[in-house]
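Hi everyone, thanks for making time.

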Amino acid sequence: MTTITTATPLGNDLPLLTVEDHRAAWAAQDVGVDAKSFWAETTRRFLRNRMGVFALAVLLLLVAAAVFAPLLTSYDPLVGNAQDRLKGVFSDGHIFGTDEQGRDMFARILYGGRLSLLAAFVPTVVATVVGTLIGTWAGFVRGVVGNGLMRAMDMLYAFPAILLAIAVGASLGPGLKNTIIAVSIVFIPPVARVAESAARTVSMQEYMEAARLSGANRWTLLRTQLLPNVLNQIIVYSSGLVGVSMIIAASLSFLGLGSQPPAPEWGYMLNAMRGSIYVAPLVVVIPGIFIFVVSVAFNMASDALRESMDSRSGG
Amino acid sequence: MTLLDEYDALPHARDLGLLELGGITKTFPSRRGVKRLVVSAVDNVSLSVPSGSTTGIVGESGCGKSTLARVVVGLHPADSGRINFDGAALPIRGKRPRKVIEQMQMVFQDPYSALNPRATIGESIAFPLRVQGVARSEIKDRVAKVLVDVGLHGNYATHYPHQLSGGQRQRVNIARALALQPKLIVLDEAVSALDKSIQAQILNLLKDLQQSYGLTYLFISHDLNVVEYMSDQVAVMYLGQVVESCSAERLYTQPMHPYTQVLLASIPKLDPRERSTGGVALTGEMPSPLNPPSGCRFRTRCPYAMDTCAEVAPPLVAAADGHLVACHLHSLNDPDRTAGLAGKRAAAAAAAAAIAAAVVADGALHDAVVTHAHAVPGEHAPGVPAEVDLRTPPTVNPSQGA
């Protein structure tokens, strides 16, 4: 027979508690000084956010649909049947209808997702990483190096985004890869600006000075003290770039610099079919709906991420 | 051979204090339009901080106290001067040896901005330990120990700064400074941002920690009462310079520099009958450190200013045993040199006497209050004052909430 003993709650007899007791009580919790706990906590809080998880699920679903497109449709996205031009939605065999060349829209949306999602995410991620590095470093070290970096960014910033993308795209040549490079370059300066101003504010806080007193080198300070405090501002800004990125990529396609026809790309599809809007309006807006869904889902997911990075949000 | 070299050559120079500052000067570049200007933040400050004691630095806002603190701990490079710490000369700019970093820590003014909002209390305290390469297993023990030593439950290690009150945060700041087991802690306005009642608890905690850890404090504050309560010796700063320095007791009873006299007269009196007595009010603003007055920097506001004061900067000299003062009233010993000096001296002495009387009268009351504040925690164990009731483990749980 086992005797069940209830553990006495801490502190019934305060005078008897020693330093060792406190230490033991604390060690029992086994958290607190772990450097990785910031990201672990962020993940934990994110998973508790229903909207965020839902948005992430939608994004993952779209990515999966694009990746496994051949398993989901038997149509070839590039080959159409001239007799089946511009069929409406839910018509025989074509759930999303067909485009102006008689190609199945469902297949084109699925395959197009590969290009469009790539064109939306890759520049955003690349620009966020590079812009954050440049901006936080410039805001942190300031002086000649910081000024030099930011003036270089300002030079790029001075051009209208689409013009800069056209210039980069034109000099590199047409194609989706070059579109992605062009859009990435366009997005780096604004991200760097946001990062720089956030880093400048944070680096003047007393906790940065306190951390400097510990003798840590600048890279450690940047990584452990500065970055967690500027990331949420950067993420808020960057998440809005996904939609813009898709639109710039689409515009470049429209101008003949992006993905080349007949490759399906949502923005290109939207542009190519705009003449048919009175014939099959529902079919024409389908690529737009997908661009919209991706943008909104990404914004929701990044909002949730920002909230879960904030230790004050509880949860 | 400069004066500083001569000073270093003195046989006793090595065993004077834990921290020795010699002629520290710090300026900041500034611009007004196209003109390049220089802000003279700290000018030729020499100071000795004896081991195991508390040295107070007091002065108005903008007199260079905080700049001096940052130069001492190495957050700002000094332009010139000497810093001797624990018998060894430190570089006045650039990286310091690891041993010195460990032995010199600082507690900041604002308990809210001094803790990383994204890090738990435990992480914040552990950060300097981790940087200095303390073993992981030892880090936990040391974090728990310093938390308990500053009177917080060990569970606070898992909390975030926003879950703590101002007084608790300042305890955490002190704990972080203690974690590296320093010899010297620079307290830059460490209690100024706190309520009076919390101030008393933190001050008593600091005194207890000084005993148990054998700490030396450089205590910087604009609050004369707090400096008097904490300090063994006090230096008064005005516009980047030390104008008077001596033991705390002597400073508060026999102030010699006119500025100190005015400062002490400005302490609000607890007894209404005392309010109108005790000297002159200070008129005007502190002059800009961009363009400090010639000669004595205090002369523009000094009630006893003479012609000499505009021409010659008074050196900091010993006017009495262990009492340094930078004022021509006390350094010009030739009575014929300036007309009316004797009369002014007499007036200054009378003012000093009036202040001394007021301080003594007020002191009795003041002491009673301070003693009472000290007695509030009861027979608390050293390092465990009673701001937090330790019987109740912290109730805020990070896993619950909005």
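So, let me start with a question: how are α4(B) and α5(B) oriented to each other? Before I answer, some housekeeping. This is a predicted model, where local features need pLDDT of at least 70, side-chain atom pairs count only at pLDDT 80 or more, and totals for chains, interfaces and linings use all residues. Residues are numbered from 1 along each chain as its sequence is written, while chains are lettered from A and ligands numbered from 1 in the order in which they are written.

Okay, back to the helices. Helix α4 covers residues 121–131 of chain B and helix α5 covers residues 136–149 of chain B, and they pack at an angle of about 125° with their axes 10 Å apart. Axes here are lines fitted to C-alpha atoms, for helices over the stretch in contact, and angles run from 0 to 180 degrees between N-to-C directions. That makes α4(B) and α5(B) oblique to each other, because angles under 35 degrees count as roughly parallel, over 145 as roughly antiparallel, 65 to 115 as roughly perpendicular and the rest as oblique.

Who meets whom? On the α4(B) side we have B:Gly122, B:Ile125, B:Ala126, B:Leu129 and B:Arg130, and they meet B:Ile139, B:Arg142, B:Val143 and B:Val146 in α5(B). Contact means C-beta atoms, placed from the backbone, within 7 Å. Those residues split into six nonpolar, one polar and two charged (Ala, Val, Leu, Ile, Met, Phe, Trp, Tyr, Cys and Pro count as nonpolar, Asp, Glu, Lys and Arg as charged, and the others, Gly among them, as polar).

Zooming out, chain B has 13 helices and twelve strands; these are DSSP runs, H or I of at least four residues for helices and E of at least two for strands, numbered from the N terminus. Of its 402 residues, 47% count as buried. Buried means 20 or more other C-beta atoms within 10 Å of the residue's own, exposed means 12 or fewer, and partly exposed is in between, with C-beta atoms placed from the backbone. Look at helix α10, residues 258–265 of chain B: eight of its eight residues are buried, so it is largely enclosed by the rest of the structure. Among them are B:Tyr259, B:Gln261 and B:Leu264.

A:Leu270 sits in helix α12 (residues 266–272) and counts as buried, with 22 C-beta neighbours inside 10 Å. It touches A:Ala250, A:Pro287 and A:Gly288, leaving aside residues up to four places away in sequence. A:Trp39, in helix α2 (residues 37–47), counts as exposed because it has 11 C-beta neighbours inside 10 Å. Its C-alpha is 8.0 Å from that of A:Met309, 270 residues apart along the chain.

Last bit, confidence. pLDDT is the predictor's confidence in each residue, from 0 to 100. Chain A has a mean of 82, and chain B averages 80. In chain A, helix α1 (residues 19–29) is lowest at a mean of 56 and helix α3 (residues 50–67) highest at 93. pLDDT stays under 50 over residues 1–16 of chain A and over residues 363–402 of chain B. Where pLDDT is low, the predicted coordinates should not be read in detail. For the complex, the predictor gives an ipTM of 0.74 and a pTM of 0.75.

Key. Contact = placed C-beta atoms within 7 Å.
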